[in-house]
Amino acid sequence: MHENEKAHRSTPYALTETGHAPVWGVCAEAEETAGEMLRRGGGEVIRLHVAACAERMAPLFVGLRAGEAGREADLDLYAESVRDLWYVDRPLADAAERVSLLEQFSELRPDEEGITEVGDTYAFFAVLCLRHALSAHGSGSVGDALSCGHAALTAMGMLDRNVAGAGFLADEQRLQSLSLSGDASGLWDASVAVGRERFRAVLDRLPR
């Protein structure tokens, strides 16, 4: 991916291989703690956690793909799914069907050259995040919930490495801690605001 070249240079964060994915700034101990909090919180905390993660990542797909020819149905599915994730009192009955549709998105089916553009990189992470969010919401899987959070953390670690003075990873870690604790107070508003900020940062990195 385009952003990885710069991201792999010396940084204060390690690209850690966890049980689910390589993640910027996440160690095995942090993953174990997050997993325990999700198991202890149960289905509602899992659903809250993935809803908030997906909300923060949503502008990186919806904003970057808006107006793109032939993507209207994809945009509708994405936006409706992020909205429906916030019904945390019950699992999404059609989560598996939505996952199957998401897996047909071009972001998850790159060509032989892979993902090389800045916008495509972050749109990929946004779709990956939602894919795991839907799966976790429907199944209650702790592993899928962790993978959802990992996608967001990895993307924000990468963005931090490429934007001087940025603190997107710290914001993501802070808000993930809130959702892992089951604290929904102000979480939607904060997630929307943070999502807009990261979208603006990515937009500024696109070729003019």
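Buried means under 20% relative accessible area, exposed means over 50%, and partly exposed lies in between (1.4 Å probe, protein chains only). This is a predicted model: local features need pLDDT of at least 70, side-chain atom pairs count only at pLDDT 80 or more, and totals for chains, interfaces and linings use all residues. Residues are numbered from 1 along each chain as its sequence is written, and side-chain values use heavy atoms, with hydrogens and water left out. The whole structure holds 16 salt bridges (a side-chain nitrogen of Lys or Arg within 4 Å of a carboxyl oxygen of Asp or Glu).

**Salt bridges within helices**

- Side chains of opposite charge can pair when their charged atoms come close.
- Asp171 and Arg174 form a salt bridge at 3.8 Å, N to O.
- These two residues are 3 apart in helix α9 (residues 168-180), so about one helical turn separates them. Helices here are DSSP runs of H or I, at least four residues, numbered from the N terminus.
- Asp171 is partly exposed at 22% relative accessibility. Arg174 is also partly exposed, with a relative accessible area of 45%.
- Glu36 and Arg39 form a salt bridge too, at 3.8 Å, N to O.
- Glu36 and Arg39 sit 3 residues apart in helix α2 (residues 28-41), about one helical turn.
- Glu36 counts as partly exposed, at 38% relative accessibility.

**Buried pair**

- The side chains of Arg71 and Asp74 meet in a salt bridge of 2.6 Å, N to O.
- Arg71 and Asp74 are both buried.

**Aromatic rings**

- The ring centres of Phe61 and Tyr78 lie 4.7 Å apart, with planes at 25 degrees, so the pair is stacked. The cut-offs are under 30 degrees for stacked and over 60 for edge-to-face, with the rest tilted.
- This pair links distant parts of the chain, 17 residues apart: Phe61 is in helix α4 (residues 59-65) and Tyr78 in helix α5 (residues 72-85).
- Phe61 is buried, at 0% relative accessible area. Tyr78 is buried, at 0% relative accessibility.
- Phe61, Tyr78 and Phe105 make up one aromatic cluster.

**Charge over a ring**

- The charged end of Arg71 sits over the ring of Phe105, 5.5 Å from its centre. The criterion is NZ of Lys or CZ of Arg within 6 Å of the ring centre and within 35 degrees of the ring normal.

Note on methods
Phe/Tyr/Trp six-rings, centres within 6.5 Å; stacked < 30°, edge-to-face > 60°.
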